[in-house]
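Thanks for asking me to look this over. Here are my notes, in numbered points, to read with the model open beside you.

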Amino acid sequence: FTHLKMPSSEIRKVPWDNYASVGEVSGKVRDLRPRSRAKAGRTRDKGRRPVVRGTAMNPRDHKYGGGEGRSKRGTKQPKDVYGNVTGGRKTRKKHKASDKHILKRRVTKKRK
């Protein structure tokens, strides 16, 4: 193994005979295309169906649906679509197989 220092300041072990690319991904200007020419049909052509927000649904269709006006979802803590609390909590799985390859974790800002 060899040690790699990632851009996030994490130090990780990787097999020394692996290949890696150094630099940035090309074609970033593709994202700068004006949205005015975008249309829903272009996304449908790529095979992606429309996404409807949960708050726009009825209560029987989604747990965030219903309510008078644009009401909140009724909970204090942010949750993902499965109902798990996510605000400020680490979402990486504990005891992951690749944990043994991490020598130094990335430094994160502590929340008060």
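1. Start with arginine 105 and aspartate 99, whose side chains meet in a salt bridge with an N to O distance of 3.3 Å. Keep in mind that this is a predicted model. Arginine 105 has a relative accessibility of 40%, so it counts as partly exposed. Aspartate 99 falls in the partly exposed class too, because its relative accessibility is 23%.

2. How many salt bridges does the count come to? The total is two. Besides the pair in point 1, the side chains of glutamate 10 and arginine 12 form a salt bridge, at 2.9 Å from N to O. As a reminder, side chains of opposite charge can pair when their charged atoms come close.

3. Is glutamate 10 buried or exposed? Glutamate 10 counts as buried, because its relative accessibility is 11% and the cut-off for buried is under 20%. Arginine 12, its salt-bridge partner, has a relative accessible area of 22% and is therefore partly exposed.

4. For the overall layout, the secondary structure of the protein chain amounts to one helix and three strands. Strand S1 covers 2–5, strand S2 covers 11–14, helix H1 covers 40–45 and strand S3 covers 102–104.

5. Please take a moment over the overall dimensions. The protein chain has a radius of gyration of 21 Å, whereas a compact globule of 112 residues would have one near 13 Å. The C-alpha trace spans about 55 × 40 × 25 Å along its principal axes. As for burial, 5% of the 112 residues count as buried; glutamate 10 is one that does.

6. Where is arginine 33 found? Arginine 33 sits in the loop between strand S2 and helix H1. With a relative accessible area of 39%, arginine 33 is partly exposed, and it can belong to the patch because membership asks for over 30%.

7. The loop between S1 and S2 is worth a visit. Proline 7 lies in this loop and is exposed, with a relative accessible area of 88%. In sequence, proline 7 and arginine 106 are 99 residues apart, yet their C-alpha atoms are 9.3 Å apart in space.

8. Serine 9 is also placed in the loop between S1 and S2. Its relative accessible area is 21%, so serine 9 is partly exposed. Do check its backbone: serine 9 is not a glycine, but its phi is positive, at about 75°. For context, most residues other than glycine have a negative phi.

9. Histidine 95 is another residue to check for its backbone. Its phi is near 60°, again a positive value in a residue other than glycine. Histidine 95 is placed in the loop between H1 and strand S3. At 74% relative accessibility, histidine 95 counts as exposed, because the cut-off for exposed is over 50%.

Note on methods:
Residues numbered from 1 in each chain as written. Predicted model: local features only at pLDDT ≥ 70, side-chain atom pairs only at ≥ 80, totals over all residues. Heavy atoms only, no water. Helix = DSSP H or I, 4+ residues; strand = E, 2+ residues; numbered from the N terminus. Buried < 20%, exposed > 50% of the residue type's maximum accessible area, 1.4 Å probe, protein only. Rg over C-alpha atoms; globule rule 2.2 N^0.38 Å. Salt bridge = Lys/Arg side-chain N within 4 Å of Asp/Glu carboxyl O.
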